[in-house]
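Dear colleague,

Please find below the structure I am handing over to you, followed by an account of what was found in it. I would be grateful if you could read the account alongside the coordinates.

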Amino acid sequence: MDPVAVLRAARAVRDELDSLMGGASAELRDRLDPLLAEAGSRPPGRLADAIIMLIAQYGPAWNRLSALLNLDHGLAAEQVVPMLADPGPQDSGAAYDGGYDNLPPTGAMSVDWMRPDQAGPAAPQAPSPQAPSPQAPPTPPAGGRGSSMLDRLTGAFRRRRGDAPAPAPESEWEGIPLIEAPTESVSGWGTEVSIGVAPAQGQDGVAAPREPVELDIQLIAEGFDAPGGWQVRLRVDAASPYPRAVVDLVALAQREPEVARQIQAICSVRSQVVGFGLRSITLHGSPGRLGREEPPEPVSGTRIRPALVGEPADVTVAIVHGDEPGRLWWTYRSPHFVTPDRAELCDLGMRASEFGRQLTGQGRLSEELGRKVGSRVPRGFWELLNAVAGRVAPRRPSVLILSQEPHVPWELAVLEHPYDPSLPRYLNCQTVTGRWPLGGRRPELPPPVSARADHVAVVYDEAQAHPLVTEYGATQVSSALGDVLGVLGQGPDIVHLTAGGSVAEALGRDLAGAPFVFLEEPGDAQAFLLAGASGVVEPLWPVGGGLAREFYRRCFTGEPPAEVLRSMRGQAPDGAGAYRFHGHPSLTLRRTPPPSK
């Protein structure tokens, strides 16, 4: 791909951001402007890669960039730059009705808070004819420059594992979220939205799951009401492998003559999120502004793969952006209770990135910081968590945070009434907590619950051997880029970085495969996850080393990293308290025992 064409198209996208993404455009603009300003001072190929990787995180902007570059709208970002990540757009939400007022005391039950197996049957949804199978996208044109670092790393990991990505087996069913709606509507009008599942690329529309699947789809659509409810349950089976249902939305009154909204769909199976989709819609203040309807854009998001569903976290919270900076909408799932289908508002009062910087910029952990975070957590989360903690006691509850925004350290929220008074009152000390990006093609859902740990690579510039080398046979390499690329050609299962800076940043952008990553200094954990990491440990501020040795000792005996970190935070809150875990709370590192002598 011609880097000059990418820069030209990116500038055009930048000028159209307000119409593409509405109030959520500011965050992308703030990130895109500095990259565009580097034109002429940075190698054009690398700059084009960075711009594509950024825009691919925002669905509407990516779709527009694809059109400007004459790419098929179904072309995945990963096919433009191999293994490229796409965490999706940043918009939408739904009103919260304060439905927790009658929550029973911890451990009790009521009609509103019953176990899923005690809930009444969901209303049946009549399946409609199968959606047509999307056409396979064309092969992207060859670029005018040599292979990028991303290409080399991808090839290296594939050579080591000997498992070049192949299409899903014909017998393995998967799909993509289906959201069919008009591209424009008018305040006060009703809008029929068809939601469900469509065949994924490579599926012929005939494949069926091995066993029937009950798929819950919850809508989040800021600026709308849903008189019939925000959630439907669909049965996916051989008779109806790609079902759908109709949800009636009513556009609420608005001050602006025209505003861009988003309709988002969170798909879950047995309380575990397995897919996410989003499409945009334009709302007009009056019918006179209608008539500019264009062909609908494809749904952005993550494919649905229920075959990967395992045990869900005790509480899963999904956090998505609203239409104004700093507005977030929270939804909840739990295998222990039936949760409300309406999203709950969280207003930070400023951009999420600014709010997060104010907190972590202090460079230390304090209850004052935790109280600031906790004051922004919606009430419904605390009420659900308290009820779940009572249900699973004496075991500690597990919490999975799926979030479109990576900045706010929700894990450090202080509990007013801790479950274990002997431990610090932070959420990630009282519960087993993990975090995962939400919103785009990568990383996929749900997060993995197992990762290999046989081959460890440690980036370490000291002359003496790192403890991981002497104790676990790790491969030690200097931070020189060539040395790093060489060891990555061996396909490590764990990448341990003792220093941050340019090397960690480069690896985060270009890493392929599914290694577990440990950063001893602050870095861009989200970039590693978008590139395919199975989990990431990172400190929110510099704290020095000393944690890794004990961490690996316990993880290699089978303890989940999330639980190891939770325990270590209780023992050394000033040091271990700074470390955040990205991954499923139940993730374990599998290490092959050495052969007996």
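**The loop between S8 and S9**

Ser271 is located in the loop that runs between S8 and S9. Please bear in mind throughout that this is a predicted model. The phi angle of Ser271 is near 70 degrees, a positive value in a residue other than glycine. Arg270 lies in the loop between strand S8 (258-269) and strand S9 (272-284), and its phi is also positive, near 50 degrees. Most residues other than glycine have a negative phi.

Are these two residues, Arg270 and Ser271, buried or exposed? Arg270 has a relative accessibility of 57% and therefore counts as exposed, as the cut-off for that class is over 50%. Ser271 has a relative accessible area of 13% and is therefore buried, the limit for that class being under 20%.

**Two cis peptide bonds**

The bond from Arg442 to Pro443 is cis, with omega near -5 degrees.

**Helices H1 and H5**

How do helix H1 and helix H5 pack? Helix H1 (residues 3-15) meets helix H5 (residues 59-68) at an angle of about 135 degrees, and their axes are 9 Å apart. H1 and H5 are therefore oblique to each other, given that angles over 145 degrees would count as roughly antiparallel and 65 to 115 as roughly perpendicular. The crossing in which H1 passes H5 is right-handed.

On the side of H1, the contact is made by Val6, Ala9, Ala10, Ala12 and Val13; on the side of H5, by Ala61, Arg64, Leu65 and Leu68. Sorted by class, the residues in the contact of H1 with H5 comprise 8 nonpolar, no polar and 1 charged.

Helix H17 (residues 561-571) is largely enclosed by the rest of the structure, because 9 of its 11 residues are buried. The buried residues of H17 are Pro561, Ala562, Glu563, Val564, Leu565, Arg566, Ser567, Met568 and Arg569.

Tyr426 is placed in the loop between strand S14 (398-403) and helix H11 (427-430). With a relative accessible area of 7%, Tyr426 is buried. Which residues is Tyr426 in contact with, leaving aside its neighbours within four places in sequence? They are Leu365, Ser366, Glu367, Gly370, Glu411, Leu412, Ala413, Val414 and Leu415. Ala413 lies 13 residues from Tyr426 along the chain, and the C-alpha atoms of the two are separated by 5.4 Å.

**The protein as a whole**

The protein has 18 helices and 23 strands. Of its 597 residues, 56% count as buried. The protein exposes about 24100 Å², of which carbon and sulfur atoms supply 51%. Among contacts between residues at least 6 apart in sequence, 70% join residues at least 24 apart.

With kind regards

Key:
Residues numbered from 1 in each chain as written. Predicted model: local features only at pLDDT ≥ 70, side-chain atom pairs only at ≥ 80, totals over all residues. Heavy atoms only, no water. Axes fitted to C-alpha atoms, helices over the stretch in contact; angles between N-to-C directions. Helix = DSSP H or I, 4+ residues; strand = E, 2+ residues; numbered from the N terminus. Parallel < 35°, antiparallel > 145°, perpendicular 65-115°, else oblique. Left-handed = near helix turned anticlockwise from the far one by under 90°. Contact = heavy atoms within 4.5 Å. Nonpolar A, V, L, I, M, F, W, Y, C, P; charged D, E, K, R; others polar. Buried < 20%, exposed > 50% of the residue type's maximum accessible area, 1.4 Å probe, protein only. Areas by Shrake-Rupley, 256 points an atom, 1.4 Å probe, with all protein chains shown as cover.
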